[in-house]
Amino acid sequence: PSGCSTCFCHWVGGGPTSPEGSDVLMTEVEGGYVLQAMTDKGAALLEGSSLADGADRFADAEAARKAAWASLEKAPSLAEAPAKVAARFEDVEFWQQETDRCLSCGACTYFCPTCYCFNITDEGDGLNGREGRRLRSWDNCMSPLFTREASGHNPRTAKALRMRNRVSHKFATYPENWGAFSCNGCGRCVSNCPVHLDIRAIVLDAINK
Ligand code: SF4
Ligand code: SF4
């Protein structure tokens with residue numbers, strides 16, 4: 001077993017076998033998977049299942065987890081990331097360079113498990129009728145229209161400003177307010193970007209350039 005090249009969970013405090021937040025840890029071994037309870041809830045779930053007892057494969061599962069960790073390259077320290085990314089805020093040239101080939105397609109944000117931006121629209125006869133629907137739909141901050149106001153003013157017309165918002169939120173303002181990155185290092189934004197923009201490179205550039 002090996003880690004995925006686009007994944008960097010171990011940069012942000014996780015790992016390919018981290019049980020944090022899990023009731024059951026699932027590890028791939030030859031011939032199937034070993035499921036191990038991490039909580040009472042997980043144990044109750046497994047006890048009630050018709051799965052075969054996998055206790056004799058626990059050693060294989062442990063070996064697979066060790067191999068996954070061993071396959072990872074050493075993670076760079078992101079301890080300075082919040083301060084360094086925040087310090088880049090006014091450096092628009094930096095964000096322009098980092099965003100040069102971005103297509104503003106929004107794939108990075110739609111695939112991201114920690115992105116939660118949405119839009120609200122009202123449907124129905126607002127003037128005469130008393131019935132209508134207010135809808136919440138998924139939206140994303142990499143879209144040029146996301147911040148367009150009713151007046152027509154748009155504070156983030158340039159893609160560099162949108163990328164600045166996305167990266168700064170995940171690696172500067174969120175950790176500043178909540179003590180953790182708003183990124184679990186899953187790498188979905190990296191593997192699904194049609195022009196291969198890599199958020200890891202942007203954060204490292206903010207730290208080192
Ligand atoms: S690597 Fe981070 S920013 Fe990219 S999709 Fe995963 S959680 Fe989102
Ligand atoms: S997926 Fe890539 S091209 Fe699309 S908005 Fe995100 S960074 Fe830009």
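The C-alpha centres of domain 1 and domain 2 lie 36 Å apart. The protein chain is divided into domain 1 (17-70) and domain 2 (81-208), with bounds from an automatic or database domain assignment. This is a predicted model, in which local features need pLDDT of at least 70 and side-chain atom pairs count only at pLDDT 80 or more, while totals for chains, interfaces and linings use all residues. Residues are numbered from 1 along each chain as its sequence is written, chains are lettered from A and ligands numbered from 1 in the order in which they are written, and side-chain values use heavy atoms, leaving out hydrogens and water.

## Exercise 1

Task: describe the largest cavity and the ligand in it.

Solution: 

1. Start with the term: on a 1 Å grid over the protein atoms alone, a cavity is a set of points where a 1.4 Å probe fits but cannot get out, and lining residues have an atom within 4 Å of a point.
2. The count comes to 2 cavities of 30 Å³ or more. The largest cavity holds about 130 Å³ of space, the volume being the space filled by probe spheres set on the points, which are joined across faces, edges and corners.
3. Its lining has 16 residues, and Cys108, Met163, Arg166, Cys193 and Leu197 are the closest to the centre.
4. Ligand 2 sits in this cavity, meaning that more than half of its atoms lie within 2 Å of the grid points.
5. Residues around ligand 2 (a heavy atom within 4 Å) include Cys102, Cys105, Cys108 and Cys193. The shell divides into 10 nonpolar, 2 polar and no charged residues. Here Ala, Val, Leu, Ile, Met, Phe, Trp, Tyr, Cys and Pro count as nonpolar, Asp, Glu, Lys and Arg as charged, and the others, Gly among them, as polar.

## Exercise 2

Task: do likewise for the second largest cavity.

Solution: 

1. The volume of the second largest cavity is about 80 Å³.
2. Of its 14 lining residues, Cys112, Thr114, Cys183, Cys186 and Cys189 lie nearest the centre.
3. Ligand 1 sits here, and among the residues around it are Phe8, Lys170 and Arg188.
4. By class, the shell of ligand 1 has 6 nonpolar, 4 polar and 2 charged residues.

## Exercise 3

Solution: 

1. A disulfide is a pair of cysteine sulfur atoms within 2.5 Å; the structure holds 0 disulfides.

Methods
1 Å grid on protein atoms, 1.4 Å probe; cavity = no way out; pocket = protein on both sides within 12 Å on 5 of 7 lines; lining within 4 Å.
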